Amino acid sequence: MLKGKTAVVTGGTRGIGFAVVRKFLENGAAVALWGSRQETVDGALAKLRAENPDWKVIGMSPDLGSLQEVEAAMNRVKEQLGRVDILVNNAGISARESLYDYKEEDFEKITDLNLNAVFRCSKAAAVLMKEQGGGVILNTSSMVSIYGQAAGVGYPASKFGVNGLTKSLARELGRDHIRVNAVAPGVIRTDMVAALPKELIEPLIRTIPLGRVGEPEDVANAFLFLASDLASYVTGEILSVDGAAMT
Ligand code: NAD
């Protein structure tokens, strides 16, 4: 489904991002996997190359807090892989402090990675995509971007912002043949969810109509569809992949 395409996936070292990288490689794309530390990037690359030595995958660890570093890394991807057709903005962190304990610097930290870095990476990629005649930008939102969340306000606030970027950039970049969509996962089995207390997770699972947590691959399948030409007339969409969960 992605033969001849090249993709950048941020936060590609584990969890949902790693599943997206693998799914894109299985479907014929060349992938640049980005992570926060070169050591974890190298670990993920080794795992993928052991799985299939023919997969074309490279790794980088730019600071997503710096537009200059992001632009330099995006240009390096273009030099090494030839093009940048698809960007998946996936890197993210979460926190659940109550508002009364929430520190201003923690709000800024979560917003800077979950939202501002999506702006930086999208800006850097869009310049290259426009020159090439088009591309696809995909963002990782969350089900809490629809309902909000009863603690840890920085996380849902950042994801509401991601939806705003998605819908607005779809309208701004459509004329440059760049589609922009987001996937809004529910409760997905990754380290982020493993870090949540059992008392919180178990009752949550009982409310999910499909009766289970999602797997990273469930989310990767949605990204594959949106990245592919099957979604050629889909833009500005927030696709829920959450088993119809409602928090
Ligand atoms: P995870 O913690 O397993 O992986 C997070 C990824 O982000 C890792 O690759 C990590 O290296 C990267 N990352 C973290 N801090 C970074 C930084 N400062 N700079 C660059 N990269 C950094 O999490 P996950 O569950 O796979 O989450 C991936 C995305 O999916 C996030 O945007 C998250 O908000 C979203 N999401 C997850 C769930 C879920 O249930 N797991 C639900 C909804 C949305």
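User: What should I know about the model and its numbering before we start?

Analyst: This is a predicted model, in which local features need pLDDT of at least 70 and side-chain atom pairs count only at pLDDT 80 or more, while totals for chains, interfaces and linings use all residues. Residues are numbered from 1 along each chain as its sequence is written, and side-chain values use heavy atoms, with hydrogens and water left out.

User: Which residues lie nearest the centre of the largest pocket, and which helices supply its lining?

Analyst: Of the 50 lining residues, Gly 92, Ile 93, Ser 94, Tyr 155 and Met 192 lie nearest the centre. Helices (H or I, at least four residues) and strands (E, at least two) are DSSP runs, numbered from the N terminus. In those terms, at least two lining residues each come from α1 (15–26), α4 (104–132), α6 (154–173), α7 (191–194) and α8 (198–206), and α4 gives the largest share, 4 residues. For the classes, Ala, Val, Leu, Ile, Met, Phe, Trp, Tyr, Cys and Pro count as nonpolar, Asp, Glu, Lys and Arg as charged, and the others, Gly among them, as polar; the lining of the largest pocket then divides into 22 nonpolar, 20 polar and 8 charged residues.

User: How many cavities of 30 Å³ or more does the search find, and which residues line the largest cavity?

Analyst: The search of the whole structure finds 1 cavity of 30 Å³ or more, and the space in the largest cavity is about 40 Å³. Its lining consists of Thr 10, Leu 64, Asn 89, Asn 90, Ala 91, Leu 113, Ala 117, Val 118 and Cys 121, with α4 giving the most, 4 residues. By class, this lining has 6 nonpolar, 3 polar and no charged residues.

User: How do I read a surface patch, and which residues form the nonpolar one?

Analyst: Patches are made of residues with over 30% relative accessible area and no salt bridge, like charges being joined within 9 Å and nonpolar side chains (Val, Leu, Ile, Met, Phe, Trp, Tyr) within 5 Å. The areas come from the Shrake-Rupley method with a 1.4 Å probe, and for residues only the protein chains shown count as cover. In this model Leu 99, Tyr 100, Phe 107 and Val 153 form a nonpolar patch with about 480 Å² of accessible area together. Tyr 100 sits in the loop between β4 (86–89) and α4.

User: Why does Tyr 100 count as exposed?

Analyst: Buried means under 20% relative accessible area, exposed over 50%, and partly exposed in between (1.4 Å probe, protein chains only). Tyr 100 counts as exposed because its relative accessible area is 79%.

User: How many salt bridges are counted, and which parts of the chain do Arg 14 and Asp 191 link?

Analyst: A salt bridge is a side-chain nitrogen of Lys or Arg within 4 Å of a carboxyl oxygen of Asp or Glu, and the count by this rule comes to 9. In one of them, the side chains of Arg 14 and Asp 191 meet at 3.4 Å, N to O. This pair links distant parts of the chain, 177 residues apart, with Arg 14 in the loop between β1 (6–9) and α1 and Asp 191 in helix α7. Arg 14 is exposed, at a relative accessible area of 53%.

User: Is Lys 23 buried or exposed, and which residue is its salt-bridge partner?

Analyst: Lys 23 counts as buried because its relative accessibility is 9%. Its side chain meets that of Glu 217 in a salt bridge of 2.7 Å, N to O. These two residues also link distant parts of the chain, Lys 23 being in helix α1 and Glu 217 in helix α9 (residues 216–227), 194 residues apart. Glu 217 is partly exposed, at 45% relative accessibility.

Note on methods
On a 1 Å grid over the protein atoms alone, a cavity is a set of points where a 1.4 Å probe fits but cannot get out, and a pocket is an open set with protein on both sides within 12 Å along at least five of seven lines; lining residues have an atom within 4 Å of a point. Grid points are joined across faces, edges and corners, and a volume is the space filled by probe spheres set on the points.
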